[in-house]
Amino acid sequence: MSLTDVSAGYGDRVALEHVTVSVARGSLLAVVGPNGAGKSTLLKLMAGLVEPWSGRVEILGGPPGREARRVAYVPQAELVDWGFPVTVEDVVMMGRFPRLGPVRRPGREDRRAVVEALAQVDMDHHLGTQIGRLSGGQRRRVFLARALAAEPDLFLLDEPVTGIDPTTQELLMDLLEAQARRNRTVVATTHDLAAAAQRFEQVLAINRTVVAYGPAGMLLDADVLAKAYGGHLLVLPGGAAILDDAHHHDDAAPGERHFHDRDAH
Ligand SMILES: Nc1ncnc2c1ncn2[C@@H]1O[C@H](COP(=O)(O)OP(=O)(O)OP(=O)(O)O)[C@@H](O)[C@H]1O
Ligand SMILES: [Mg+2]
């Protein structure tokens, strides 16, 4: 998968410019950067949901969208009517639809894939629960299960562990790692820099354009962080980063992270 000198945006607003990256098959890649940096836009470009203004995007050997069946995209926020009576099983089965074709009904194999995917995110006991009755973190896990059920070659996950409790976060990272070991490519955005440094193989730091791209350990480099996050940060011994909003000097407990919102200025 590669992007070559890609620029993109919305209306006349630039979100990304001159982005060039090449992601090898089987990569476990974290995309980091402050709010508004263009992380979600990058994933939408890869999913074929946003057209580049210029440059070239190549996914699984072709233009985005051509191999849609082999790509599972989980957006940052789902546009879902939470009052609609749809069960957890229904939602995850949607991941199987591209394989079914227009008239085929889900079969035994599809049900197996759905239950297995839900078991992987520890939600198989909620098969018949209405999606609207789940907590925020449980919903996120169900949408990740939908991606797993699709058995794709490329996962595009927009903040898959945001709002997920630490134990489940570890579980989800284990299973993304397992997918990468099976030569599936995993691209996930995150604000959890510690997790990105520890659990991902590679990191792409962006702030409208590529700031740094390399082994995840580079997130422990203060210069890389300063460039990505605009300087409002502190690097603690051991590398934990506190990104501090310059205008609000509340006493952040160690481990708390404050993210500076570029758009707020
Ligand atoms: N649908 C949209 N219409 C107009 N502008 C948008 C739209 N989506 C994003 N933008 C703008 O594009 C820029 C990049 O947004 P994007 O959502 O890619 O950032 P992000 O890195 O994912 O941020 P966050 O960490 O908050 O999720 C921002 O300036 C944002 O305001
Ligand atoms: Mg985003």
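This is a predicted model: local features need pLDDT of at least 70, side-chain atom pairs count only at pLDDT 80 or more; totals for chains, interfaces and linings use all residues.

Biologist: In what order do the strands of the open sheet of 6 strands lie?

Modeller: Look for the two edges to get your bearings: strand S5 (71-74) and strand S9 (209-215) each pair on one side only. The twist averages 15° from one strand to the next. The pairing in this open sheet is mixed, and the order is S5-S6-S7-S3-S8-S9.

Biologist: Which residue in S9 is the bridge partner of isoleucine 206?

Modeller: Strand S8 (residues 202-207) and S9 run antiparallel, with 6 bridges joining them. Isoleucine 206 has its partner in S9, and that partner is valine 210.

Biologist: Helix H6 packs on the sheet; about what angle does its direction make with that of S7?

Modeller: You will find H6 at residues 166-181. On the sheet it touches strand S3 (28-32), strand S6 (154-157) and strand S7 (185-189). Between the directions of H6 and S7, the angle is about 145°.

Biologist: And H8, which strands does that helix touch?

Modeller: H8 also packs on the sheet, and its direction makes about 150° with that of S9. The strands touched by H8 are S3, S8 and S9.

Biologist: Why do the buried residues of H8 line one face of the helix?

Modeller: Helix H8 spans residues 222-229, and its buried residues are Leu225, Ala228 and Tyr229. An α-helix has 3.6 residues a turn, so residues three or four places apart point the same way. Seen down the axis of H8, the buried residues line one face because they fall within an arc of 80°.

Biologist: Which glycine follows H8?

Modeller: Follow the chain past the end of the helix. The residue there has a positive phi, near 75°, and is glycine 230.

Biologist: Last stop, the ligand. Which element gives the largest share of the shell around ligand 1?

Modeller: Ligand 1 is surrounded by 13 residues, and the closest include Tyr10, Asn35 and Lys39. By type, the shell divides into 3 nonpolar, 7 polar and 3 charged residues. Strand S2 (13-22) and helix H1 (39-47) each supply at least two of the shell's residues. The largest share, 3 residues, comes from H1.

Terms used
Residues are numbered from 1 along each chain as its sequence is written. Chains are lettered from A and ligands numbered from 1 in the order in which they are written. A residue is near a molecule or strand if its C-beta atom, placed from the backbone, lies within 6 Å of it. Helices (H or I, at least four residues) and strands (E, at least two) are DSSP runs, numbered from the N terminus. Ala, Val, Leu, Ile, Met, Phe, Trp, Tyr, Cys and Pro count as nonpolar, Asp, Glu, Lys and Arg as charged, and the others, Gly among them, as polar. A residue is buried if 20 or more other C-beta atoms lie within 10 Å of its own, exposed if 12 or fewer, and partly exposed in between; C-beta atoms are placed from the backbone. The arc is that of the directions from the helix axis to the C-beta atoms. Two strands pair if DSSP finds at least two bridges between them. Axes are lines fitted to C-alpha atoms, for helices over the stretch in contact, and angles run from 0 to 180 degrees between N-to-C directions. Two residues are in contact if their C-beta atoms, placed from the backbone, lie within 7 Å.
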